[in-house]
Amino acid sequence: MDNDMLAKTGKYLFSIPFLVFGILHFMNAQAMVMAVPGFIPGGIFWVYLVGLAFILAFISIVIDKKAKLACQLLALLLIIFVLTIHLPATMSDMNNIGNLLKDLALSGGALLLATFASEEGKE
């Protein structure tokens, strides 16, 4: 398999879960609102906003429009999740470390993808 095919395959494999995560945020917003830290006002608003952000990141990456920015913002969002949701949860129960490591790895993947994305994407 050539490098172009590997890159395209990797791009799709990386981005598809964010489409699913985004849809799930809209379908299960009431259940997910419990994950929003109590010190952040707005509750369910953030669940819907994150769902929209995930879907828009998927679209941006797949169509290669502003993919670099989308990946950078996605990485930032995931690091915020690690610090505000997963780290506190893991500190009280080590069984939560899977979500912390998942979002940490996804943020690394987003940053890696951002380094290969063109500044403006296809025009």
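**Terms used in the legends.** On a 1 Å grid over the protein atoms alone, a pocket is an open set of points where a 1.4 Å probe fits, with protein on both sides within 12 Å along at least five of seven lines, and its lining residues have an atom within 4 Å of a point. Grid points are joined across faces, edges and corners, and a volume is the space filled by probe spheres set on the points. The model is predicted, so that local features need pLDDT of at least 70 and side-chain atom pairs count only at pLDDT 80 or more, while totals for chains, interfaces and linings use all residues. Residues are numbered from 1 along each chain as its sequence is written, and side-chain values use heavy atoms, with hydrogens and water left out.

**View 1. The largest pocket and the residues nearest its centre.** The largest pocket has a volume of about 990 Å³. Its lining comprises 38 residues, and H25, V50, F54, L77 and F81 lie nearest the centre.

**View 2. Helices around the largest pocket.** At least two lining residues come from each of α1 (3–27), α3 (44–63), α4 (67–92) and α5 (97–116), where helices are DSSP runs (H or I, at least four residues) numbered from the N terminus. The largest share, 13 residues, is supplied by α4. By class, the lining has 29 nonpolar, 6 polar and 3 charged residues, with Asp, Glu, Lys and Arg counted as charged, Ala, Val, Leu, Ile, Met, Phe, Trp, Tyr, Cys and Pro as nonpolar, and the others, Gly among them, as polar.

**View 3. The second largest pocket.** This pocket holds about 470 Å³ of space. It is lined by 19 residues, of which A7, K8, K11, L113 and F116 are the closest to its centre. Although α1, α4 and α5 each supply at least two lining residues, α1 gives the most, with 8 residues. The lining divides into 11 nonpolar, 3 polar and 5 charged residues.
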